[in-house]
Amino acid sequence: MTTLFGHRPDGSHLLLAALILASTVALVAMAAFHTWRARRHSNDPPPKDPGSSDPTADGAPGPADGAEAGGGSGGGETVLWRMRTTVRDAPGSLAALCLVIARFRIDILTLQTHPLAEGTVDEFLLRAPASLPSQELTGQIEAAGGTATWIERADTHDLVDTPTRVLSLATRTALDAAELPLALRQLLGRCTIHSLPAVSVTGRPTGQSAPVEGVLEETVMRLRDPSGGVISVERPYLPFTPTEFARARALVELDARLGPRVPRSTDILTLPEGNEITVRRADRSDLAAARAMHDRCSPDTLGLRYHGPVGDADRYLNHLLSPRFGRTLAVQTASGSLVALGHLLWDGDETEVALLVEDDWQRRGIGSELLGRLVQLAEEAGCDSVYAVTQSRNTGMVAAMRALGLPLDYQIEEGTLVITARLSATAAEPTGTTGERAARPSDERTVRPSGPAEGARR
C-alpha cells in the first residue's frame with residue numbers, strides 16, 4: 001500500500017489520511033470497550049483489602065450487622081431518625097459525619113445547621129436501616145468528632161422542609177391565637193410549654209415577666225407573652241440553639257402584632273325537641289355572657305365544675321376564656337344566651353377537658369356533643385391524651401367519658417376523680433379526618449340524647 005500511494009501524485013497526503021483514520025477507529029473502539037465495562041461493573045461492591053477480610057479495615061466505621069441488606073435507599077425495612085450533634089467549626093468536620101452516615105447505608109433527607117459561638121450544631125433527618133441500633137450510630141458519630149449527640153425516632157411529618165413547616169405554623173398562629181403554644185411545640189420538638197400569667201385568678205400579681213427580647217438559658221427559654229405574663233419553654237436534655245430561639249421569638253412577635261383573634265366559624269345543631277343551638281369558639285369577649293350563665297346555674301352545678309367556693313367561679317372565667325391557655329367552645333341559643341361552655345386547656349405536656357352546662361339545658365346531649373368536639377380538637381392538635389377532673393358522684397361526666405369509646409384510666413383520691421382518655425392514632429391525621437365529629441361550619445345536625453351523659457359537667 002505504501003508503494004502504491006507513494007507513486008501517485010498525492011500519495012503522501014492519502015497515506016497520512018489513512019493513518020489518521022485507522023488511529024481514530026482504534027481509539028473509538030477502545031473507548032466503547034471501557035464504557036461498556038464501566039457500566040457493567042458500576043454496581044459491584046468495592047474490592048476488599050487483600051490483606052483483610054473486613055471491608056472497613058482502613059479504620060473507617062462500617063455498617064452494623066444486617067444494615068447493608070436493609071440500606072436506606074436499597075430496599076429493606078427502614079426507619080426515620082432525627083439526629084443532632086455538635087462539631088467544630090472547621091473544614092472537613094461535616095464531611096467526617098457524612099462519611100460515617102454513608103458507610104451505614106443511611107440516606108440524609110434534610111440537614112440544618114445551627115451556628116454557635118464555638119462550633120456548629122448539625123441536625124439531620126435520616127432514613128436508616130431498621131436493623132441498625134441507634135447506640136451504634138451515635139457511638140460512631142462521636143468517634144468522628146461529634147459531641148453532645150442526640151437522636152430520636154421521627155415520623156413522616158418531619159419530612160416537610162423547615163421553611164415550609166415554619167410558614168405553616170405562622171399561618172396557623174395568624175388564624176388562631178390559641179395555636180401559639182402548639183406552634184411553638186411543633187417548631188421546637190419535644191418540649192414543655194407553660195403560659196405563666198402576670199396576674200393570678202385572684203387578682204394578685206404573680207411576678208412573672210421577661211424582657212422584650214426574651215431570655216435563653218440552655219434548656220429553658222422565656223418569652224414575653226403579648227397578652228401579659230411569660231411563655232416558658234423547657235427541654236430537659238437538649239439545649240436550645242440561638243437559631244431556635246430566634247424562630248420562637250418571631251412567632252411570638254407575630255402573635256403580638258396581630259392581637260386577639262379567634263376563628264368565627266359556627267355549627268348549627270338541632271336538639272331532640274326541635275330547638276336550634278349554635279356551637280362556636282369563645283374568647284374573652286364572651287366574659288359578660290359567661291358570668292350571666294354562672295348566675296343562672298345552681299350551686300351544685302358550679303360546685304361540680306369548679307371544686308371550690310361557688311363565689312370564686314367568676315374569677316376563673318377570665319383565665320379560661322383566654323386563648324393562650326387553650327380553646328373554649330360555647331353553646332348559644334337562638335336568643336343569644338350562652339348555656340354551656342367546654343374548655344380544652346393546655347397543661348404543660350398534658351391536656352385537660354372541662355364542661356359546664358346550665359341546669360335548664362342538661363340532659364339534652366349538649367355535654368356529650370361538647371366533649372366529643374373537644375376531643376377532636378385535642379386529636380387535631382396532636383395530643384396523646386386528655387383528662388377530666390371531677391367528683392366521683394358526677395355520674396354524668398363519667399358516662400360522657402365512657403361514651404367516647406377510648407381507653408380510659410381512673411385515679412381516685414379523697415373523692416376527686418381523674419379520668420384520662422388515651423387518644424387513638426387519629427391524632428396524626430389532618431384536620432377534618434377524624435370521623436363524624438368533623439362538621440363543617442353552618443352544617444345542621446341533630447343532637448341525640450345519650451342517657452346520663454346529657455347532663456355531663458365537670
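Colleague: In which helix do Arg 373 and Glu 369 both lie?

Modeller: This is a predicted model, and in it the side chains of Arg 373 and Glu 369 meet in a salt bridge, 2.7 Å from N to O. Arg 373 is buried, and Glu 369 is buried too. The two sit four residues apart, about one turn of the helix, and that helix is α11.

Colleague: Nice! Which element gives the most to the largest nonpolar core?

Modeller: That core has 37 residues, and Val 331, Leu 344 and Ile 366 are among those that touch the most other members. Several elements each supply at least two of its residues, including β11 (326–333), β12 (338–347) and α11 (366–380). With seven residues, the element that gives the most is α11.

Colleague: And Arg 280, is it buried or exposed?

Modeller: Arg 280 forms a salt bridge with Asp 286, with the closest N and O atoms 2.8 Å apart. Asp 286 has 8% relative accessibility and counts as buried. The cut-off for buried is under 20% relative accessible area. Arg 280 has 15%, so Arg 280 is buried.

Colleague: Happy to hear it. How many residues apart in sequence are the parts that Glu 123 and Arg 82 tie together?

Modeller: Their side chains meet in a salt bridge at 2.9 Å, N to O. Both Glu 123 and Arg 82 are buried. Because Glu 123 lies in strand β3 (residues 120–129) and Arg 82 in strand β1 (residues 78–87), the pair ties together parts whose separation in sequence is 41 residues.

Conventions
Residues are numbered from 1 along each chain as its sequence is written. This is a predicted model: local features need pLDDT of at least 70, side-chain atom pairs count only at pLDDT 80 or more; totals for chains, interfaces and linings use all residues. Side-chain values use heavy atoms; hydrogens and water are left out. A nonpolar core is a set of buried Ala, Val, Leu, Ile, Met, Phe, Trp, Tyr and Cys residues joined through side-chain atoms within 4.5 Å. Buried means under 20% relative accessible area, exposed over 50%, partly exposed in between (1.4 Å probe, protein chains only). A salt bridge is a side-chain nitrogen of Lys or Arg within 4 Å of a carboxyl oxygen of Asp or Glu.
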